[in-house]
Amino acid sequence: MAGGPGGDAFGDMPFVIGAGVNQDRDLIVMTQRGTLYAEPNLACPEIDRFNAESVGLRYDAPSTGRRLVRATGQCRDRLAGEGVDLSAYNTTENAADFADLRTALGIHRWNVYGYSYGTDLGLTYLRRHPQGVRSLAIDSVVPPQIVSLPWTWDSAQEGIDTIFAACAAQPACRNRYPNLSRTLTQQVRRLEAHPLTVMTPPPAGGAPVRVVLDGGALVNLLVGNAVPAVDVPAALDELAHGNPDRFAQARAAGATPVIGEFAHGLTQSVACSEWVPGYSQADLLAAGRRAFPGWPDSVLAQAPQLPFQHEACRAWNVPDRTRVQRVTTVSNVPALVLSGTFDAKTGARWGAYAARTLFRSTTVLIPGIGHWVVPQSPCAASVLTSFLTRPTAPDTRCVAGLAPKPFTIVPALEKS
């Protein structure tokens, strides 16, 4: 069960195969309703084109939000005009599709693995269709009963703070980059007040593109793991000394999306019916202030990875489904709960939170890994494969020897 919502499950297959889950069993991958290769496909080229343009705009400026909302409305109008019932694209129906697939294939019992939004989907699937589930493995956990826009700030704080704490635990990193939290706050405030505009080539190559770095863009790059965690202290130090290259190049990567690959329509239908309702923009701002006191309100008013979502949801206009979706999954089915300590999208503590009502679960925390653990950690991959063999007693011995990798150390720079 792929992430997103809106990600291409077929595109994830090399990562899952690379983890070895199909060494001695079949691997079944189904594209979720509305995603690439599904009919209809809820791609939004309008939003893809906005995303490409947005790298040259202030991340959290109201004018940027208006452009996003306009693109969202254009996609909605086009899909609705084609006869698509956007209210049918939700996690309840998504889970029912997988239940129907098991029946159609004549499989008595199977194991289920999901990551990111796929954990929200997997937990919903287990709650609503427990029959036939031998085990559930969830990686980078989004508990359906808790996910909301304010929740994103909690995860951002946990992931970023854990990276900084890991640097402080390494003498070379601690001595070279002291007070990273203060440095980040200073740079968020500085860039929000005086955004940088630079020309930089995308990481994949090509002509330089115009990139604007404001405080919101900086935060979003950190939460999205756009700069590898081992490079984050160096990138922040370079930025503080007048060299924004690492962050600028990471932002430039957004200038070349594959148009029509990601199903933004599924993202909007799920987020607007299940994650956004029930919490106001004031609630979101309050959560941001709790997580990062001292940051500008203009940054904290936008949920990381989901900016201007309240406004976009008014344009998307699907029914509130929180009553049926914000429900805790309680189960005795064997479960494996995997989290990475550096995950700023779905904070690691939410894995343990979801595991409290999965009574036959094993919780595994992988140090120094960000979002979507299994493809990044050979240890996590081996734990998963052992779990598939012995769901109530996976081999977790490799975890004890793990530690974050050494952080990148660059020569000290004079402040420009």
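## Aromatic pairs

Tyr37 is exposed, with a relative accessible area of 56%; exposed here means over 50%, buried under 20% and partly exposed in between, for a 1.4 Å probe and protein chains only. Phe10 is partly exposed at a relative accessible area of 33%. This is a predicted model, in which local features need pLDDT of at least 70 and side-chain atom pairs count only at pLDDT 80 or more, while totals for chains, interfaces and linings use all residues. Residues are numbered from 1 along each chain as its sequence is written, and side-chain values use heavy atoms, with hydrogens and water left out.

A search of the whole structure finds ten aromatic pairs. Rings of Phe, Tyr and Trp (its six-membered ring) pair if their centres lie within 6.5 Å; planes under 30 degrees apart count as stacked, over 60 as edge-to-face and the rest as tilted. Phe10 and Tyr37 are one of these pairs, stacked, with 5.5 Å from centre to centre and 20° between the planes. The pair links distant parts of the chain, 27 residues apart: Phe10 is in helix α1 (residues 9-18) and Tyr37 in the loop between α1 and α2 (45-54). Helices (H or I, at least four residues) and strands (E, at least two) are DSSP runs, numbered from the N terminus.

Trp153 and Phe292 form an edge-to-face pair, at 5.8 Å centre to centre and 70° between the planes. Trp153 lies in helix α6 (residues 149-168) and Phe292 in the loop between α13 (281-291) and α14 (297-300), so the pair ties together parts 139 residues apart in sequence. Both Trp153 and Phe292 are buried. Phe15, Tyr115 and Trp372 form one aromatic cluster.

## Disulfides

The structure holds four disulfides, each being a pair of cysteine sulfur atoms within 2.5 Å. With the bonded cysteines of the protein chain numbered in sequence order, the pairing is 1-2, 3-4, 5-6, 7-8. One of the disulfides joins Cys167 and Cys173, with sulfur atoms 2.0 Å apart. The torsion about its S-S bond is about -100°, so the disulfide of Cys167 and Cys173 is left-handed. Cys167 is buried at a relative accessible area of 1%, and Cys173 is buried at 0%.

The sulfur atoms of Cys272 and Cys313 are 2.1 Å apart in another disulfide, left-handed with -85° about the S-S bond. Cys272 in helix α12 (residues 264-275) and Cys313 in helix α15 (residues 309-316) are 41 residues apart, and the pair links distant parts of the chain. The relative accessible area is 6% for Cys272, which is buried, and 12% for Cys313, also buried.

Cys379 is joined to Cys398 by a disulfide with an S to S distance of 2.0 Å. This link of Cys379 and Cys398 is right-handed, with 80° about the S-S bond. Cys379 lies in helix α18 (residues 378-389) and Cys398 in the segment after α18, so the pair ties together parts 19 residues apart in sequence. Cys379 is buried at 7% relative accessible area, whereas Cys398 is partly exposed at 30%.

## Packing of α8 and α9

Helix α8 (residues 180-193) and helix α9 (residues 215-223) pack at an angle of about 135°, with their axes 7 Å apart. Axes are lines fitted to C-alpha atoms, for helices over the stretch in contact, and angles run from 0 to 180 degrees between N-to-C directions. α8 and α9 are therefore oblique to each other; angles under 35 degrees count as roughly parallel, over 145 as roughly antiparallel, 65 to 115 as roughly perpendicular and the rest as oblique.

The contact (heavy atoms within 4.5 Å) is made by Leu184, Gln187, Val188, Leu191 and Glu192 of α8 and by Gly215, Gly216, Leu218, Val219 and Leu222 of α9. The residues of this contact divide into six nonpolar, three polar and one charged. Ala, Val, Leu, Ile, Met, Phe, Trp, Tyr, Cys and Pro count as nonpolar, Asp, Glu, Lys and Arg as charged, and the others, Gly among them, as polar.
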